[in-house]
Amino acid sequence: MLILHVWLRFISFCTRDTLRRPSPQAASQDREPAMARILVVEDEPLLLLTMCDHLADQGHEVLAARDGLIGCELFTAHRPDLVILDLVIPGMAGLELLSAIRTIDPDVCILIVSGAGGMSEVLAALRLGATDYLTKPLTDLEILDHAVKKALERAACAMQRQGYERDLKRQVRERTRELAQANAALKESQTLFREMVENIKAIFWVRDMETGALLYASPSCEVILGMPCQEAMRDDATFVRYVHPEDRAAVRAVTMTRESQDARSVAYRFLRPDGKTIWLSSRRFPIRDENGRVVRSAGVAEDVTERV
């Protein structure tokens, strides 16, 4: 009579619905209803019914399948959070179903149920990506609860990690896009700046305040001074030697004051190597770093001979 009762319950269970929802008693307990959706693929009717009833009582939604083909269909349709899979099932072999599930969802947790003598299949299943295994006979349902809990915890950690990875990739994409936009804007600014300084009829220059080295001088420098810029403006002392003797003191006061905090201007005569004397109007201003320290000086010198 007990066997008949179990079979009647099993037939009623399978024909009523393949999705076993949490019992009202489980939903009323101090746990969240529908904790997870679990697919159980097991061909032994009593074990299948026992596990499904127990898991539903724990608050899970349970999908039941008696063979591999139905199990594959249910997994594809419902995408459960966890699969409990017997390796010896009709329709589709357990290892074949495991491989198919891994193809559909590489991250889903899979618990293997196997007889004590089937360790070779268990090892093959673990190599295919099974999360853990249980051995038959399953006499203590607390072992099932522990395995399910650990598997779902691993799944939650994996989902959290994937979320972090997705967020990190999104941030990298955004920063890469912002950097590309900033680089494009910088390149455009540099192009505009170079076009401006290379086409104005004045000398534009930048000097390092620590070393005194000339960092940049516009192409008009050689045209105006009548000599290569690196020769005339190698350093401030060299430049002053080409200044008219009567104007050198005024030029030194501007060019050789390292700690000048303000822009300064000076007009003076410059002695070109070809013997020609020209008048230059020069304005020098400091360039500071983020701490306010003067690290470079820049200036513009214009030939104003025709205006004097």
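**Reading the largest cavity**

Modeller: The lining of the largest cavity holds 10 nonpolar, two polar and three charged residues (Ala, Val, Leu, Ile, Met, Phe, Trp, Tyr, Cys and Pro count as nonpolar, Asp, Glu, Lys and Arg as charged, and the others, Gly among them, as polar). This is a predicted model, where local features need pLDDT of at least 70, side-chain atom pairs count only at pLDDT 80 or more, and totals for chains, interfaces and linings use all residues. Residues are numbered from 1 along each chain as its sequence is written, and side-chain values use heavy atoms, without hydrogens and water.

Colleague: How many cavities of 30 Å³ or more does the structure hold?

Modeller: Rolling a probe the size of a water molecule over the atoms shows where empty space is left. Here there are two cavities of 30 Å³ or more (sets of points on a 1 Å grid over the protein atoms alone where a 1.4 Å probe fits but cannot get out; lining residues have an atom within 4 Å of a point). The largest has a volume of about 150 Å³, the space filled by probe spheres set on the points, which are joined across faces, edges and corners.

Colleague: Which residues are the closest to its centre?

Modeller: Of the 15 lining residues, Trp-205, Met-233, Phe-239, Thr-255 and Tyr-268 are the closest to the centre.

Colleague: Which elements give two or more residues to that lining?

Modeller: They are strands S7 (203-208), S9 (264-271) and S10 (277-288), with helices H10 (236-241) and H11 (248-255); helices (H or I, at least four residues) and strands (E, at least two) are DSSP runs, numbered from the N terminus.

Methods. 1 Å grid on protein atoms, 1.4 Å probe; cavity = no way out; pocket = protein on both sides within 12 Å on 5 of 7 lines; lining within 4 Å.
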